[in-house]
Amino acid sequence: MRSARILLAAVTSVAVVSLSACGIGGSGDSGSQSTANDGPVTGDVTGTISFETWNLKAKYSDYFTGLIKQFEQQHPGAKVNWLDQPADGYADKLSADASADSLPDVINLSPDFAYPLYKKKLLLDLDKAAPDAAKDYLPNAWQGNVMPGQKDNYAFPWYLNTGPYFYNKKLFTDGGLDPNKPPTTYDELAQQGLTLAKNTNGAFAMLGQTPQIEDLGLYGVDLMDPAGTKFTFNSAKGVKLVELYKSMYDAKALLPEALSATYTGSGKKFLAQQVAISSGSAYDLQTFRTDAPSLYANVGITAPMTNTGHANMYVQGLSVAAHSKNKATAIAFGRFVTNAQNQMAFAKIVTVFPSTAGTLNDPFFTQDDGTDIGRVRVASAKQLANGINYTPVQLSDQMKTVLRNELANAMLGKSTPQQALDNAVNQCNQLLGH
Amino acid sequence: MVTDDNAADRLPGRREPNSHCVRSSQDAPVPSSAATDLRAAGRGARRSGRGIRRHWRATPWLFLLPGLAITLLFSLYPFVNTIILAFTDAQVLGGGNFTGGANFSRMLHDPQFWTALRNSALYVVGVVPFLVLLPLLLAMLVQRHIPGIAFFRAAFYTPVVASVVVVGLIWTWLLDSRGLVNSVLKALHVVSEPVPFLTDETLLLISAMLVTIWKGLGYYMIVYLAALANVPRDLHEAAEVDGAGPVRRFFSVTVPAIRPTMVLVGALSAVAAFRVFSEIYILSGSSGGPAGADISLVMLIRQVGTGLNGELGYSSALSVVLFVLTLGLMLLTMRLNKNEEVA
Amino acid sequence: MNIRAQRPGRIVLRYLLLLAVLAISIGPFLWQLSTSLKGVGEDIYSYPPQFVPSEPTARNYARVADVVPVWGFALNSLLVAVANVAANCVGAALAGYALARMRFFGRKFVVLAFVLALLVPGESIMISLFLMMRSMQLSNTLLAVVLPGAVSALNVLLMRNAFAGLSYAVEEASLIDGANAWQRFTRIALPSVKGTIAVVAIFSFMFSWDDFLWPLIVLHDPDKYTLTIGLNYLQGTFASDQRLIAAGTIIAVAPLILMFLALQKYFFRGVGAGAVKG
């Protein structure tokens with residue numbers, strides 16, 4: 001048993017050495033450094049900053065290099081290094097940067113990514129740092145980046161989007177529905193879905209996706225308490241929506257595969273003409289035209305379903321790192337990229353929408369030019385004017401998984417809708433507390 | 001293309017079929033036979049007065065430096081760190097306080113943990129018997145040196161060299177609702193509707209097990225081949241003379257002779273099965289199956305511990321559970337082996 | 001063995017069984033190959049299934065490279081695997097030699113460290129490893145993929161056993177000739193354990209080329225992806241076309257199958273040795 005004693009000695013000695021374990025303390029809570037967070041940032045717009053975008057380099061390289069050149073010309077002495085991170089692994093990249101305290105000066109974030117960074121005091125409070133900025137943007141877009149329990153905003157609103165619904169007119173006709181009257185509310189969706197399922201005997205389905213958190217929001221469920229400290233979507237209204245979906249699932253109006261499919265799954269099933277309606281973005285229209293011409297000929301576009309009268313709005317923002325060495329430059333650049341003129345130019349090459357005040361009134365967004373894209377654009381812009389970002393920033397990926405799994409259990413009949421939502425709320429609240 | 005007709009004959013440990021492998025990790029740092037060699041050699045060296053101490057004091061440490069540094073830094077240190085983190089609420093974005101056993105008590109009430117644990121355990125139960133038995137039968141099938149046997153041995157081993165990801169993707173395509181398997185089943189009028197191999201919660205887990213078994217067959221076949229070569233032929237012949245049929249000879253001669261190898265294969269496949277990740281991950285399209293019902297313990301560790309909101313503390317606690325249970329499985333099978341030796 | 005003693009019926013049955021298992025074990029690869037060679041015009045879901053492509057084409061291999069940088073993935077995999085092989089051979093041989101042939105205080109302790117490392121499942125330390133890589137600013141680098149397995153404890157113990165099994169006589173003779181430890185190691189011991197080194201090299205290559213979970217955790221930039229996570233990425237992002245995925249998997253698996261066919265005996269020999277790893 002000598003070896004056992006040696007083993008013990010080895011383990012204890014290593015343990016003593018590593019009492020300051022890797023992963024405890026360290027990054028993040030270095031609040032003392034961020035004293036500059038308390039008031040307006042002033043100073044010369046000069047020096048080098050880094051600017052990180054999310055999955056934009058491949059397609060829009062020209063736009064950004066032009067933008068940067070222009071900024072550097074306007075501010076001699078300022079230099080911008082552009083980094084781009086592909087869609088996959090953005091969270092890991094941010095976490096690596098955050099823990100090394102090397103976040104880029106200007107970072108492209110959606111609110112749910114901004115939230116954990118904000119919690120670690122790694123982002124600049126822009127209401128304080130740039131008090132005159134808010135008025136430049138749509139109030140609802142500015143509000144979209146206000147962190148819960150705070151009055152202040154942590155990102156300059158950048159591009160907005162909203163998902164129109166695409167539907168397959170041929171499948172609608174085959175299913176005995178009126179192809180000119182796509183559903184506009186969730187109740188209509190369920191009603192039409194059941195009709196379609198009855199008429200087609202399961203040959204194809206109405207929908208390829210179980211409800212997401214934004215569906216609950218769009219149905220009018222209060223997702224969180226006003227203070228944003230706990231989830232509340234297990235209300236009677238939430239149960240009602242889940243019951244609607246459950247009835248669709250039982251009738252095979254909701255594709256059985258949807259239970260394991262991710263969001264792209266629903267899009268693919270629509271492409272394969274196995275579901276009759278699916279949410280998407282205006283960008284998808286192009287895919288239909290090239291990849292599925294027969295679908296393209298029959299595709300109809302309609303506003304997202306909503307029972308609240310508001311559409312769901314997706315927001316991207318530009319945050320400034322709290323520990324940036326050139327805050328003045330970073331703020332100036334963030335505002336430059338998100339100003340009305342540059343957002344308008346960006347919206348013309350990508351199908352996204354500007355978040356600056358008044359820009360959506362441009363004829364480009366109000367007048368239907370007769371093309372499909374134009375039609376979607378006008379419809380979407382109209383919704384965005386009063387759109388709401390329904391996805392709570394506190395909802396982490398882990399919580400999304402919990403919700404998806406619990407709702408799948410409800411669809412499968414392993415739990416009642418009420419139990420499923422109760423479970424989801426409990427687990428999410430527990431995760432929130434951790 | 002296949003050149004080596006006698007591969008099995010050249011296997012190491014042929015004379016001492018593999019039983020040392022398990023023992024080595026148990027009671028001694030060194031497989032016993034080698035240790036004896038070393039001790040004997042050491043004595044000889046000392047007696048001759050010269051010995052192997054003829055080197056500069058630091059020399060052994062220089063030789064050991066790369067290997068030992070890597071092992072301490074990237075195996076043992078992270079291991080200790082995992083144990084420490086398991087008692088904290090550390091997050092991916094830093095911070096973290098000691099929280100005692102909170103992570104472990106949280107586990108008790110975490111339905112995902114129980115699902116994951118159940119699936120990993122089911123995986124062991126579902127995979128191990130097949131991986132103990134099928135490769136043995138396969139080894140007996142390829143044991144004889146009939147023409148072309150080397151080709152068959154090589155072909156049966158091929159799935160072993162392919163990565164799990166490749167194998168997983170191949171089977172994802174085969175088991176697709178419109179894939180080959182369903183086409184064939186339909187053509188044979190076995191089924192009228194496609195079998196939902198990849199979308200049904202139970203079938204998905206079974207499909208993943210099938211993939212694991214398919215990929216493991218060749219590997220354990222080679223392990224068994226080495227053991228079978230040691231079964232004295234006269235035993236078989238004697239049994240045959242006594243009029244024992246092939247089935248009876250299998251149970252009365254073959255199985256007793258290679259029992260230690262069977263226990264070894266059981267141990268190895270059990271430990272591997274308990275740590276399953278890739279098969280389920282790939283077959284379920286990274287989702288863990290409908291409602292996450294097919295998630296394994298390793299999948300849960302990854303899911304909990306990564307991402308911007310990753311919970312390092314809880315994930316580490318799950319890792320500790322994985323380690324303890326894996327070790328338990330190993331000890332259990334070694335206990336079986338020991339009893340066997342005594343008997 | 002004694003074929004004549006067997007009745008011809010038994011032999012036929014044996015071959016039939018062999019062919020059946022053959023179909024099961026390499027059939028799936030051939031089906032994947034067949035899918036990868038089918039043109040866009042050919043229905044891959046056709047019923048009954050078409051085993052031989054009607055118009056074989058290599059276009060899918062070019063197309064998969066348009067969709068994802070599959071050759072870049074392959075290069076990354078190769079770099080990682082080669083580094084892994086080199087590190088394992090050198091590191092394990094050095095450490096194994098020291099443990100087998102040198103006497104020094106703390107040797108038992110060191111052996112114990114290696115055995116302990118062998119017992120720790122990689123999956124249970126991956127999160128902690130990820131943290132380490134992150135704090136060393138190595139996350140998302142190929143170096144981080146290589147490091148944890150750079151000198152595996154199993155290989156050290158394998159090499160140690162190989163050296164311990166060598167006869168002392170020759171080394172003692174060279175000792176008289178005044179050879180130092182390094183010379184004894186490189187000139188006498190090393191050439192005698194070539195077989196074990198080959199096994200270490202081949203299995204290091206295979207484990208590294210096939211590794212999935214660790215690169216999945218530590219890499220997040222598609223430019224750095226190795227083939228296995230690249231394939232997973234291909235599947236997740238562009239699953240619409242099975243032909244492309246099939247082409248991608250063939251690209252990933254072909255080198256290993258070829259290597260296996262060329263170096264079979266080492267693969268088989270490694271099974272016995274590597275069985276400890278589990």
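**Reading a three-chain predicted model**

Author: The contact between chain B and chain C takes 99 residues from chain B and 94 residues from chain C, where two residues are in contact if their C-beta atoms, placed from the backbone, lie within 7 Å. This is a predicted model, in which local features need pLDDT of at least 70 and side-chain atom pairs count only at pLDDT 80 or more, while totals for chains, interfaces and linings use all residues. Residues are numbered from 1 along each chain as its sequence is written, and chains are lettered from A and ligands numbered from 1 in the order in which they are written.

Reader: Which helix of chain B gives the most to the side that touches chain C, and how does that side divide by class?

Author: Helices (H or I, at least four residues) and strands (E, at least two) are DSSP runs, numbered from the N terminus. Helix H3 (residues 59–85) of chain B gives the most, with 18 residues. For the classes, Ala, Val, Leu, Ile, Met, Phe, Trp, Tyr, Cys and Pro count as nonpolar, Asp, Glu, Lys and Arg as charged, and the others, Gly among them, as polar. On that basis the side of chain B that touches chain C has 62 nonpolar, 27 polar and 10 charged residues.

Reader: How should I read the confidence, and what is the average pLDDT of chain B?

Author: The pLDDT is the predictor's confidence in each residue, from 0 to 100. Chain B averages 80, and 83% of its residues score at least 70. Over residues 1–51 of chain B the pLDDT is below 50, although this stretch has 92 contacts in the model beyond near neighbours in sequence. Among the elements of chain B, helix H1 (residues 19–26) has the lowest mean pLDDT, 31, whereas helix H5 (residues 111–141) has the highest, 94.

Reader: How many helices and strands does chain B have, and how do I read the records against them?

Author: Chain B has 15 helices and 0 strands. UniProt positions are given in the numbering used here, feature names are shortened, and annotations may be inferred rather than shown by experiment. In an unreviewed entry, UniProt places the feature "domain: ABC transmembrane type-1" at residues 117–333 of chain B, a span that is 73% helix and 0% strand, with its end C-alpha atoms 19 Å apart. The UniProt annotation "transmembrane region", also from an unreviewed entry, covers several stretches of chain B, among them residues 154–174 and 203–229. Residues 154–174 of chain B are 90% helix and 0% strand, with end C-alpha atoms 23 Å apart, while residues 203–229 of chain B are 96% helix and 0% strand, with end C-alpha atoms 38 Å apart.

Reader: Where does UniProt place the feature "transmembrane region" in chain C?

Author: The unreviewed UniProt entry gives residues 12–31, 73–97, 109–132, 138–158, 188–209 and 244–263 of chain C. In the model, residues 12–31 of chain C are 100% helix and 0% strand, with end C-alpha atoms 27 Å apart, and residues 244–263 of chain C are 95% helix and 0% strand, with end C-alpha atoms 29 Å apart.

Reader: Is Ala93(C) buried or exposed, and which residues is Ala93(C) in contact with?

Author: A residue is buried if 20 or more other C-beta atoms lie within 10 Å of its own, exposed if 12 or fewer, and partly exposed in between. Ala93(C), which is found in helix H3 (residues 70–101) of chain C, is buried because 28 other C-beta atoms lie within 10 Å. Leaving aside its neighbours within four places in sequence, Ala93(C) is in contact with Met159(C), Leu190(C) and Ile197(C). The C-alpha atoms of Ala93(C) and Asn155(C), 62 residues apart along the chain, are separated by 8.3 Å.

Reader: Which residues of helix H12 of chain A are buried?

Author: An α-helix has 3.6 residues a turn, so residues three or four places apart point the same way. In helix H12 (residues 284–291) of chain A, the buried residues are Asp284(A), Leu285(A) and Phe288(A). They cover an arc of only 110° around the axis, which puts them on the same side of H12(A); the arc is that of the directions from the helix axis to the C-beta atoms.

Reader: What does the domain assignment of chain A give?

Author: Domain bounds come from an automatic or database domain assignment. For chain A, this gives domain 1 (41–158 + 314–384) and domain 2 (165–310 + 396–433), and 30 Å separate their centres, taken over C-alpha atoms. Their contact takes 11 residues from domain 1 of chain A and 8 residues from domain 2 of chain A.
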